[in-house]
Amino acid sequence: MQRTNQVSIPLIFDNVIRYIINILIIYIIIILVLNLGKNLYSIKTFFNGDLIGNNLSNAITDILSFLVMIELFRGFIEYFKAKRIRLHSMIDPAIIFIVRELIIQLYAHEKMGGNTLIGFGILLLCLGVVRSMALLFSPDDSTFAK
């Protein structure tokens, strides 16, 4: 019986995807480390004594943006591990982003109308309901196992 060397296209695809995902994970880590370095470097502005209130506002904005990035990248990593998009892991960054915008606007003492606050509230409520339903009616991970 003669043995032939056949190349399995799905196996090649899985290996290439695995390497690409590993490179993306390293890239995400580098981005997070650089952003953390940028946030820590901005601490020096507090020691200059110039407009501490303005510097504090920028620092809060940077920290909240960093938290949104962490949550977004966590969703990407979860996608890479589970090999499927989980709705609740994509809604979490959206909720955090909306709360970030609210905090920034309230901290900056920007005038917000009642319609804006009602809009933010309805959006947060809807996202919270969708996230809860996504957790309640999430399919088993065993369904997606290989």
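Which residue forms a salt bridge with arginine 100? The partner is glutamate 101, and the closest N and O atoms of the pair are 2.3 Å apart. A salt bridge here is a side-chain nitrogen of Lys or Arg within 4 Å of a carboxyl oxygen of Asp or Glu.

## Basis of the model

The model is predicted: local features need pLDDT of at least 70, side-chain atom pairs count only at pLDDT 80 or more, and totals for chains, interfaces and linings use all residues. Residues are numbered from 1 along each chain as its sequence is written, and side-chain values use heavy atoms, with hydrogens and water left out.

## Fold and surface

The protein has five helices and zero strands, which gives the pattern α-α-α-α-α along the sequence. Helices (H or I, at least four residues) and strands (E, at least two) are DSSP runs, numbered from the N terminus.

Of the 146 residues, 23% count as buried; buried means under 20% relative accessible area, exposed over 50%, and partly exposed in between (1.4 Å probe, protein chains only). The protein exposes about 10,900 Å², of which carbon and sulfur atoms supply 69%. These areas come from the Shrake-Rupley method with a 1.4 Å probe; for residues, only the protein chains shown count as cover.

## Nonpolar core

The largest nonpolar core consists of seven residues: Ile91, Ile95, Ile98, Leu102, Met112, Phe120 and Leu127. Helices α4 (87–107) and α5 (114–136) each supply at least two of its residues, and α4 gives the most, with four. Such a core is a set of buried Ala, Val, Leu, Ile, Met, Phe, Trp, Tyr and Cys residues joined through side-chain atoms within 4.5 Å.

Leaving aside residues up to four places away in sequence, methionine 112 touches Leu102, Gln105, Leu106 and Leu117; contact means heavy atoms within 4.5 Å.

## Salt bridges

The structure holds six salt bridges. In one of them, the side chains of aspartate 92 and arginine 74 meet at 3.3 Å, N to O. Aspartate 92 lies in helix α4 and arginine 74 in helix α3 (residues 52–82), so this pair ties together parts that are 18 residues apart in sequence. Aspartate 92 is buried at 11% relative accessibility, whereas arginine 74 is partly exposed at 37%.

Aspartate 92 also forms a salt bridge with arginine 131, with the closest N and O atoms 2.3 Å apart. Arginine 131 lies in helix α5 and aspartate 92 in helix α4, so the pair ties together parts 39 residues apart in sequence.

In the pair of the opening question, arginine 100 is buried at 12% relative accessible area, and glutamate 101 is partly exposed at 21%. Salt bridges that share partners join Glu71, Arg74, Glu78, Asp92 and Arg131 into one network.
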